[in-house]
Amino acid sequence: MRISVKQAIDQLSSNVVAIPTETVYGLAARIDVPDAIEKVFTLKNRPRENPLIVHLYSENDLHHYTDEPVDEELLDYWPGPLTLILKCKNLPEIITAGLPTAAFRVPNHPLTLEIIKMTGPLVAPSANLSGYPSATHYKHVENDFGLNFPVVDGGMCESGLESTIIAKKQGKWRILRLGAISAEELEKKLGYKPEVVKPSSKPECPGQLFKHYSPKAKLVFKGDADAVLGFRDRNYIFPLVSFGASDDPEEIASNLYDALRSLDLLGYKTVLVDINFPRDGLYSTIYERLLKASQE
Ligand code: TXA
Ligand code: MG
């Protein structure tokens, strides 16, 4: 159910509301309303060991929650799809999952910034049921949480991929989750290409442990299928669900989750994914999401 910014601000004083960001929709709760934060975990069916991102109005609010200095050149990305992992203070354990660090970002969406300006910082995991593709449109939120669930309609998300999460180790930033800002782009700011940390059995980014982005349809990379998830500029022997033009990674990114969700709406059981595309820049995030989405 679409609600206004004013209604969202009111409801957030005790409850959970879905909000738009430039990456994906978020399921928001105020950091000072523990019952609402609890509800975020319950609604999503999210494991409690998976910490949340704190969404700030501006970088000027960071000093309330961390004593760590942050490189100026990285703050150029804010508001925007870069999440920083920093040693934290003054945050409840339910947000950090008991870690000494927390995740911070300033989202780049005018409606959500208007909300945070009034409510103070919000936690906001992606507004999808845990394991399912993220939501990039208010209808995706309604699909997962019901037609009566309050959502601020901010249109289709501009980027369509989650924020890039980075953390510093021995003086160097490393990528814990690939996202809307590529390693190549970060290299231009940092002067070196940040290493992409491979998830291990005890990952530095707890979320990497869990199932992600998967539609009900089984995704395969070869063999027989009911349909193909691929590019509109290519020909296939199966019916095509397109995620864009093969030479336009921004377009593919913005369509990706909608395309994955539409496989289920169309009732396809087995879908062949065309992964014949480059592996650099945003393509590497898209490839990583498709690999995860295909895991059983
Ligand atoms: O684009 C985004 O980041 C979206 C929008 C709504 O802002 N949010 C989002 O949140 O993707 P979520 O909860 O789906 O993913 C947050 C990720 C999880 O994988 C979590 O494990 C990681 O951030 N994370 C949170 N705190 C962390 C910490 N202290 N150290 C390492 N990873 C952390
Ligand atoms: Mg998520």
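Modeller: This is a predicted model. Contact here means heavy atoms within 4.5 Å.

Colleague: Leaving aside its neighbours within four places in sequence, which residues is Arg30 in contact with?

Modeller: Arg30 belongs to strand 2, residues 26–30. Neighbours within four places in sequence are left aside. The contacts of Arg30 are then Leu12, Ser13, Ile37, Thr119, Pro121 and Leu122.

Colleague: Which side chain makes a polar contact with the side chain of Arg30?

Modeller: A polar contact needs a pair of N or O atoms within 3.5 Å. For the side chain of Arg30, the distance is 3.0 Å. The partner is the side chain of Asp32.

Colleague: Why are helix 8 and helix 9 called roughly parallel?

Modeller: Helix 8 covers residues 249–265 and helix 9 covers residues 282–294. Their axes lie 9 Å apart. Angles under 35 degrees count as roughly parallel. Helix 8 and helix 9 therefore qualify, with an angle of about 15°.

Colleague: How many nonpolar, polar and charged residues are in the contact of helix 8 with helix 9?

Modeller: Helix 8 contributes Pro249, Glu250, Ile252, Ala253, Leu256, Tyr257 and Leu260. They meet Leu282, Tyr283, Ile286, Arg289, Leu290 and Ala293 in helix 9. By class, that gives two charged residues, no polar ones and 11 nonpolar.

Colleague: Is helix 6 parallel or oblique to helix 8?

Modeller: Helix 6 spans residues 138–145, and its axis comes within 12 Å of that of helix 8. The two axes cross at roughly 45°. That angle makes helix 6, relative to helix 8, oblique.

Colleague: How many residues of the contact of helix 6 with helix 8 are charged?

Modeller: From helix 6 come His140, Asn143 and Asp144. They meet Asp258, Arg261 and Leu265 in helix 8. One residue of this contact is nonpolar and two are polar. The charged residues number three.

Colleague: Which residues are closest to ligand 1?

Modeller: Ligand 1 is surrounded by 26 residues. The closest are Thr23, Asn50, His55, Ser163 and Gly207.

Colleague: How far is an oxygen atom of ligand 1 from a backbone N or O atom of Gly207?

Modeller: Take the side chains as background. An N or O atom in the side chain of Arg46 is 2.8 Å from an oxygen atom of ligand 1. For the side chain of His55, the corresponding distance is 2.7 Å. Gly207 uses a backbone N or O atom, at 2.7 Å.

Colleague: Which residues does a cis peptide bond join?

Modeller: Most peptide bonds are trans. Here omega is about -10°. The cis bond joins Trp78 and Pro79.

Colleague: What is the phi of Ala97?

Modeller: Most residues other than glycine have a negative phi. Ala97 lies in the loop between helix 4 (93–96) and strand 5 (101–105). Ala97 is not a glycine, yet its phi is positive, at about 55°.

Notes: Residues numbered from 1 in each chain as written. Chains lettered and ligands numbered in written order. Predicted model: local features only at pLDDT ≥ 70, side-chain atom pairs only at ≥ 80, totals over all residues. Heavy atoms only, no water. Axes fitted to C-alpha atoms, helices over the stretch in contact; angles between N-to-C directions. Helix = DSSP H or I, 4+ residues; strand = E, 2+ residues; numbered from the N terminus. Parallel < 35°, antiparallel > 145°, perpendicular 65-115°, else oblique. Nonpolar A, V, L, I, M, F, W, Y, C, P; charged D, E, K, R; others polar. Near = heavy atom within 4 Å. Polar contact = N/O pair within 3.5 Å; in protein donor to acceptor, adjacent residues only side chain to side chain.
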